Amino acid sequence: MSVRCALLGLLAQRPRHGYELHAAFEALVGGAENWDVSPAQVYSTLARLKEAGLVREEGLEQEGGPEKVIHAITPAGRRELEAWFSTPVRAEHQRDEFFVKLMLCLATGEVDPMTVIYAQRASLYQELHAVTTQRARADPRSELAHILLLDQAAMHLEADLRWLDMVEARLDEVRRQPLPEPQPRPRGRPRRAR
Amino acid sequence: MAIVETKELTKVYGRGDAAVTALRKVDLRVEPGEFVAVMGPSGCGKSTLLHLVGGLDRPTSGRVALNGQDLSELSDDALTRLRRREIGFVFQFYNLIPVLKAAENVALPLVLDGVSPRKAQSQAQLWLERVGLSDRTDHRPDELSGGQQQRVAIARALASEPALILADEPTGNLDSRAGDEIATLLRRVVDEWKRTVLMVTHDPRIAAYADRIIFLKDGTVVDEARLVGGNDGAEKLVRQRMEDL
């Protein structure tokens, strides 16, 4: 997800200055430990949003301290936000490094694929244990948003673990099949069909 | 000393051509205060392992020792006594007695072991309170939800103050929310009440509550994963994953 659209959403809620925007983003994702976005990143994103005409400066706020610029969303910004809301998020399951590792391990015969599977499984379980522990510590009365995020992480991990079990169970079949190779491209000019 | 130790533990069911090896030379060590999960595909021998460790069944060869006591050296009576006093069992389908109230179910094993009814009652009250069911002591099993019934079963397992709890698919009959509550309770059994838990499960979510997972396949231990300590990377990985979301 882009920080850009998250900031637009927070400005659609109400106009804010940069510092406030950074704090609001952090609160939304359940703390910097979940998603660390630096204040500098917020300011540079704001600058790009302004250039694109999606955000404008609405005035200055001064309460004792230095002046702060208040930013507000523009009508174009709202349209961009609407478009974002109506587009599903693409999960990137195809770019799986483990899958590539396993296939190459089968192709090269360098390592026993079981070793690779077991190492991955242990690591996934360690992650799931960490998520479970964090979830148990979270207070359902005040940190429900954070709990939902942790649940999502846990369920992704569970899915990965189940898939890994399936890979293990079908490894012998996979081994017997040739690895996908690129289609040979015909040389020279394509022949004209008659 | 390990609380559970098995050496070349083997179990064969049937004879001759019909013989099926459920467990093949399994060496296992569980230290006091550990929460260990046993996982593996169905038919891998995980329930057989639990039954042999709990003295519910005798091995074909190899041995099981609890706190250094070799179970094969015990008579049936002595084994029954040891099971009643030193092991608490938790089953998938709770195994509560339908006509008895929650408190009576929890007190029953103590009464059978010769504890005075009064003492048994107070132990039952104590443990039902600890598992969060102090307001359900007079309910019969059919008046309780699945999760509550399993809590009663856990209270019953703990009432005789055993050092070891053996749990066979304790969340297998529960929805994921009740399952999480039971796993959290088993975590407390280890962390708060300092018992040892050996649990069989096929659910990754539940296994992840443990400190260590043992993977069985075709009756042998094929892998083992330690989930706590020595892996600072896990927290970092979790953070990375949250960023990827």
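This is a predicted model: local features need pLDDT of at least 70, side-chain atom pairs count only at pLDDT 80 or more; totals for chains, interfaces and linings use all residues.
In chain B, four strands make up an open sheet, and reading across it gives the order S2-S1-S4-S5, with antiparallel pairing. Because the sheet is open, it has edge strands, namely S2 (20–30) and S5 (69–70) of chain B, each of which pairs on one side only. At the S5 side, strand S4 of chain B, which covers residues 61–66, is joined to S5(B) by two bridges, and these strands run antiparallel. Within this part of the sheet, Leu66(B) has Gln69(B) of S5(B) standing opposite. Helix H1 of chain B, made of residues 46–53, lies across S1 (4–13), S2 and S4 of chain B, and its direction makes an angle of about 120° with S1(B).

**A buried threonine in a loop**

Thr201(B) is found in the loop that lies between strand S8 (196–200) and helix H7 (204–207) of chain B. Is this residue buried or exposed? Thr201(B) counts as buried, because its relative accessibility is 0% and the cut-off for buried is under 20%. A polar atom of the Thr201(B) side chain lies 3.0 Å from the backbone nitrogen of Asp203(B). Leaving aside residues up to four places away in sequence, Thr201(B) touches several others, among them Val38(B), Met39(B) and Gly40(B), as well as Lys46(B), Glu169(B), Ile206(B) and Ala207(B). One of these residues, Lys46(B), falls within the range 46–53 given for helix H1 of chain B.

The table collects values for the contact between the two chains.

| Item | Value |
|---|---|
| Residues from chain B | 28 residues |
| Residues from chain A | 34 residues |
| Area buried between chain B and chain A | about 2700 Å² |
| Share of that area from carbon and sulfur atoms | 59% |
| Salt bridges across the interface | five salt bridges |
| Residue pairs in polar contact (both at pLDDT 80 or more) | five residue pairs |

A salt bridge between the chains joins the side chains of Asp223(B) and Arg121(A), with a distance of 3.9 Å from N to O. Which elements of chain B supply at least two residues each to the side that touches chain A? They are H7, strand S9 (212–217), strand S10 (220–226) and helix H8 (233–244) of chain B. Among the contributions to this side of chain B, the largest share comes from H8(B), which gives eight residues.

Methods: Residues are numbered from 1 along each chain as its sequence is written. Chains are lettered from A and ligands numbered from 1 in the order in which they are written. Side-chain values use heavy atoms; hydrogens and water are left out. Contact means heavy atoms within 4.5 Å. Axes are lines fitted to C-alpha atoms, for helices over the stretch in contact, and angles run from 0 to 180 degrees between N-to-C directions. Buried means under 20% relative accessible area, exposed over 50%, partly exposed in between (1.4 Å probe, protein chains only). A polar contact is a pair of N or O atoms within 3.5 Å; within protein, one must be able to donate a hydrogen and the other to accept it, and residues adjacent in sequence count only if both atoms are side-chain atoms. Buried area is the accessible area (1.4 Å probe) that two parts lose on being put together, summed over both. A salt bridge is a side-chain nitrogen of Lys or Arg within 4 Å of a carboxyl oxygen of Asp or Glu.
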